[in-house]
Amino acid sequence: MNSLDRLIKEKIERDLEAKTRRHFIKTCVTGMGGVALGSLFMSCGSFGSNKGNGKIPLSDRDVNPMASLAPPYPAKVKSVIYLHMAGAPSQLEMFDYKPALQKLDGQLTPQSLLEGKKFAFIKGTPKLLGPQAKFKQEGESGNWVSNFLPHFSKVVDEVAFLKAVNTDQFNHGPAQLFMQTGSPRLGRPSIGSWVTYGLGSENQNLPGFVVLTSGGKTPDAGKSIWGSGFLPSVYQGVQCRSKGDPVLYIDDPKGISRNLKQSTIEAINQINKEEFNKYSDPEILTRINQYEMAYRMQTAVPELMNINDEPEHIKEMYGVKPGKESFANNCLLARKLVEDGVRFVQLYDWGWDSHGDSHANAIDLGLRNKCTEIDRPMSALLLDLKQRGLLEETLVVWGGEFGRTPMQENREGQEMAFKGRDHHGDAFTMWMAGGGIKKGASFGVTDEIGYSAIEGKVSVHDVHATILHLLGFNHEQFTFDFQGRPFRLTDVEGHVIKEILA
Amino acid sequence: MKRRIITTSFFVIIIGIVILLVDYLKPDPLIDFSTQVKPILNKNCIACHGGVKKSGGFSLLFEEEAFADTESGHPAIIPGNAAKSSFIQLLKEDDPELRMPYQKARLSEEEIELLTQWVNQGAKWGEHWAYSLPDKVNIPETVQVAGISSENTKGFIKNEIDYFILRGLDNNDLEPSSPAEPNVISRRLSMDITGLPINTDLYESFNSGNISYENMVDDLLSRNSYGEKWASWWLDHARYADSKGYEKDMGRSMWEYRDWVIRALNKDMPFDQFTVEQLAGDLLPNPSVDQLIATAFHRNTMNNDEGGTDDEEFRVAAVIDRVNTTFEVWQSTTIGCVQCHSHTYDPFKHEEFYNLMAFFNNTRDEDTTGDEPNLKFYDKEQEIKLSKVYDWILKNNNKEVAEAYNNFMKYLEPVYHAHLAENYTNGSLAGSQSIGLRDNGSCYIKDVYTQGANYIYLRYSSGVDASTITIRKDNPEGEILARFKTNKTQGRVIHKFPFKKINEKTTLYIEAENPTISAKTPTSYISWIAFLPEVKGSESPGYSEIDKEFMELINTKTPTLPILVENPDFQKRTTRFFERGSWLSQTDTIEPGTPHVLNDWKSEWPKNRLGLSKWLVSKENPLTARTLVNRVWHQLFGRGIVASLEDMGSQSDAPSHPELLDWLALRFMNEHEWSIKSLVKEIVMSGTYRQSSMNNAILYQKDPENKLYARGPRTRLSAEQIRDQALAVSGLLSDKMYGPSVMPPQPEGVWQTVYSGEYWVESKGEDKYRRAVYTYLKRTSPYPSIVTFDGSSREVSTVRRTVTNTPLQALVTLNDPVYLEAAYFLAKYMTKFDDPDNAIASGYYKALMSEIDKNKLISLKTLYTNSIIEFEQQAESIREFLPVESEVDANLAALTVVANAIMNLDEFLTKS
């Protein structure tokens, strides 16, 4: 056979294959969430091996670890957007209004408040520092919001505040890990990993757990903060970046067209099917599935990350800056992601560590700028979700890893160039909004200077228990066996905070 | 006739009755606590009755607790009398408020019956299998059952392992698979032993029959690549990384330890020695440099430099990590739970955690920014000087004094770190790491023992001249022990100043004066102070030169490695019990000791880390050898004999082949004398290992996880193997060994760690193509393609990597420039063959050591044709795709696409 003949012959063969292939893709692979390969191989049967002459029984999860699962209990929400202000925002300049602290401004802190306390930087006897923002009661709920957050004050009735969250960690790394994984030490899965492990994702063209960062840095605790710990790494957060490849290696190499990439994946998967016929190893089916998904992800992720096509009024509403890394962009992306069925969207915004050691970290200057950066986008996010009817099936969580002291920081015992506050975990503010949340609620009260909880104190575990509850889990029953024992996100603690539930 | 029938019938009936009676009178079979009772208790009872909780004052965790009086005033279990045992009666309660398990479903009748029988038989307590090791295990007899005599079984048995496996198969009506094809087994073997694809020459000699399978095994085991492959495995256990972890995650130089592991594995250092040197090399008599390097195993703990953190808190965290890691790595035991409470499921008591902690609580490291103690690596010339100084001091002084100086030259210990200073006036702990006293500043350091020294050594830096430092005994009015001036320095220096001899533990009061500087400027930054015993012979000629060389050596900047150094007696810490696991509430003093349930402590062992390491590698320890053989088995089969590699306690998975596990463990210690290479060889020589890994529906249904081993292993390659294989088949792989970690290409902007200021600087030349074990590992931001394939970030010890299969993995091998470059070089090799079919077949063969079959060739050829068509239409895309090529070569571009596809095949990414 000369080479021309061969080419022709191959062309025919190729077309024939392409036909079956298309059929294959159409019937069995497209919209993987619905039709999983496992059932395909059970029902189509033709790929099962010779010798055993039977079908390999596989569940959706066997061939697609991200297959969507129903929660064990009725859920209020389907997805979560978690806004984490890394560095720990000051509750005293944002939500926890303390007029008495204003009166005590500049006075030395009474010893009774310092005894037995450990601080990260405060030494000796610091002075109290009055609120650096002005407060008003807003909305029908009459909840307090400072003038650092003018936009947010208009949506305050959508959220429920937790004013007395408590953590026992007062260094960023451990406290962020605690807030995101339920343990201050490394090795535990993050909330997002637990949730995608438990529920999978409704969108098989995008990662189920997406991480977006802004502020120029990743959080102090490093990438483990969205790690999957002892859960399979398929459930770890996938960072989508604003610069470079949105997801690492998502772009085709230069010079390779989509068409050619499709041919490549088709060739790979055809051969993998041959391999499955020979070895009957279900992992091969999973791999076929994952290559299909990677191909679709390559189109879906850049499309998603492109916010240019959003209508002008939406862009303006969030205050986005296309092409840059910004919290506003990430809020808009978060909405697009949950709209597309992504299970868990985690935002980190870096730069909230208002110690007073620089202009950017001054509680009256830098903090105000940070508030301005998030004010409009996070308010827009709530409104945008609401106008699309998504807020009822989404949980939005806002908070830091701890709060800040009512005392003015005096690093190394000296007065500092700017006004600042030290780390403080005894009582700080978080808020939640969305499905199942009691709108306009405020739970927890701190003392007159905002130092300790006097009622409604809740722990990090309680916050986690509440998030899981809204997603349809009993946090005490949602476990994973590792090292010979069942592990939980909430360890051996945690109570659902019923006071903020609708 | 009739009568005979009747008589016969009568006898038959009588015999029947007798049989029934015998059967009835026969005692019930003895219930086994470990295998029958304990699992029911663990599943249903222990969460409330054991460990943390003892509801009703009743616990089933320890024997003495189970039979003790409960809150009711009586024991819940009355041995021999189930009817009187509330433990049994409450299981049968109808009232759900009273019935146990509380608010849970009733136990099944069988379970209740079993527990009842157990109590009636005397409620004999038993020990879990993991806590004792038999003296001897008999190899099962050859099984001569019909089902086993088929074709496949013939020739299956290659060594003793196979008898154990065969018995399991037979019990489940399964047969072994036929042996894997020569190319398949060669690739599997080479990947398992060296982590690299099989060398073509070696494969050809084996395939042509010039060498035996065993020759091939021996050849692979003798290669340096063996140590590199198995080092990746051990370094996961050791949580080895190139950075300190936590927030700042600054780089640290640990690679000497990685190289030590590679060398130790390659020379097949016996595992007992391997253990002792890593846990306690510093405590061996006259430890060699290598033995000190080995102790870096436990210096791989993280070090927290975050501003505002308490060094003591993170020192304690590191010590706790050492206890946990030691038990995870050597004992398959999660001792971490016991930090806060007695183990819920396993017989480890709360205080036993602190007994173990006491072994590790006396090392010099204190979470300092400088990672002290650091072993200094001197060059040859400096080594000669060091010996000269040592010899001179030894000539004039006793050995103890000479050793003190020797150690100080080697690793600058013992010192008192700046963070010990307290009660500052006009000063502070600057940058969390130095005493910074301003003019008229002062501070105290408590509990200092000067060893009667006549000098104080100070490591400090200063930006100003003419500061006066005065050190007094106890307080501002105390006796002056030293007074000296410090001047501007070039960076950090170690100076010594005369010091008044005292011979007791004392408080040092340190004050600084310098009226010429501003009130905000520190006079100096002191990172530590130290004392050495007085040297005799300092008046003799020659001393000044020795002293000069000594000061030069300790001031020399050398490469370093963090190591373990034990506290001298005067710096010994007391270990205390932590109330509820919190380091802030410490109570009773605790002595070093090992868990009661494990092997006994021998009096000849010192009560320190050295003794602990000997206890671990004692042949009486039931877990060390089992742990190791189980993990080596897992490396080869993708599954452990006990599948839960990290746990061999009562919550672990039951061993699939308990006797094989014990047999291998005993043989590993007694016959292989702890040789890992011999163990690996024994396993890969077995017929079990050499089987084909083909599956089928029947096999899959009977044994989806292949825990009976009716087929060979088929697992995805590790992150390291995937990278190394791609580089190897493309001819790019560098065989350069050892040295500082390298930075192969990584996308921009991956490192974004706060406060670090460190950058990924892409390596040049062959360092771009080194094996993955040499890739720089930053804990908070590990090399992306390695973590994508389930590599560990090594923040904590990883005993088992979960193997996943994700779309992100596909994106790496399809699009990562590293893999595209490998594809390009494989394609260049393929261009040597004129015909595209040949080119594709050759590329496939090079990658997989296997002839391509027709269907696969058609698929790849179709891809090739599609590529050619597209590239020929758009020459520009060839230039974009292969920018390094000056000529536009559509064939090369198309072959690169094909090579990329080959390197993405399941069979390429998998060990079959």
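**Entry 1: a strand in chain A**

I began with strand β4 (residues 159–166) of chain A and looked up its partners in this predicted model. β4(A) pairs with strand β11 (residues 428–434) of chain A in the antiparallel sense, over five bridges. I noted one residue pair there: Ala160(A) has Met432(A) as its bridge partner in β11(A).

Next I looked at strand β12 (residues 442–443) of chain A, which runs parallel to β4(A) and is joined to it by two bridges. Opposite Leu162(A) I found Phe443(A) of β12(A). Strand β15 (residues 458–459) of chain A also pairs with β4(A) in the parallel sense, over two bridges. In β15(A), Ser459(A) stands opposite Asn166(A).

Is β4(A) mostly covered or mostly open? I found seven of its eight residues buried, so I wrote it down as mostly covered.

**Entry 2: chain A as a whole**

I counted 14 helices and 17 strands in the secondary structure of chain A. Chain A has 502 residues, and 60% of them are buried. I then turned to its contacts with a separation of 6 or more: 75% of these are between residues 24 or more positions apart.

I also checked the confidence. The mean pLDDT of chain A is 87, with 89% of its residues at 70 or more. I marked residues 18–53 of chain A, where the pLDDT is below 50; this stretch has 58 contacts in the model beyond near neighbours in sequence.

**Entry 3: where the chains touch**

**Entry 4: chain B as a whole**

Chain B has 32 helices and 17 strands by my notes. Along the principal axes, its C-alpha atoms fill a box of roughly 130 × 90 × 55 Å. Of its 912 residues, 51% count as buried. I looked at contacts in chain B between residues at least 6 apart in sequence, and 69% of them join residues at least 24 apart.

I wrote down the domain division of chain B: domain 1 (33–126), domain 2 (229–369 + 575–618), domain 3 (412–553) and domain 4 (815–911). Between the C-alpha centres of domain 1 and domain 3 of chain B I noted 65 Å.

**Entry 5: a helix in chain B**

I checked the length of helix α7 (residues 182–194) of chain B. At 1.5 Å a residue, its 13 residues should span 18 Å, and the end C-alpha atoms are 17 Å apart, so the two agree. α7(B) is mostly covered, with eleven of its 13 residues buried. Among them are Arg187(B), Arg188(B) and Asp192(B), along with Leu189(B) and Ile193(B). Gly195(B) follows the helix and has a positive phi, near 75°.

**Entry 6: backbone angles in chain B**

I looked for cis peptide bonds and noted two. Met100(B) and Pro101(B) are joined by one, with omega about -10°; Pro101(B) sits in the loop between α4 (86–92) and α5 (109–120) of chain B. Glu372(B) and Pro373(B) are joined by another, with omega about -5°. I placed Pro373(B) in the loop between α15 (350–360) and β3 (374–376) of chain B.

Asn286(B) has a phi near 40° and lies in the loop between α12 (271–280) and α13 (289–294) of chain B. Tyr709(B) has a positive phi of about 65° and lies in the loop between α23 and β16 (715–716) of chain B.

Asn286(B) is exposed, because it has 7 other C-beta atoms within 10 Å.

I finished with Asp170(B), which is found in helix α6 (residues 160–171) of chain B. Asp170(B) counts as partly exposed because it has 18 C-beta neighbours inside 10 Å. The C-alpha atoms of Asp170(B) and Ala710(B) are separated by 10.0 Å, although the residues are 540 apart along the chain.

Methods
Residues numbered from 1 in each chain as written. Chains lettered and ligands numbered in written order. Predicted model: local features only at pLDDT ≥ 70, side-chain atom pairs only at ≥ 80, totals over all residues. Helix = DSSP H or I, 4+ residues; strand = E, 2+ residues; numbered from the N terminus. Buried ≥ 20, exposed ≤ 12 C-beta atoms within 10 Å, placed from the backbone. Domains from an automatic or database assignment. Expected span 1.5 Å × (residues − 1). pLDDT = per-residue confidence, 0-100. Contact = placed C-beta atoms within 7 Å. Pairing = 2+ DSSP bridges.
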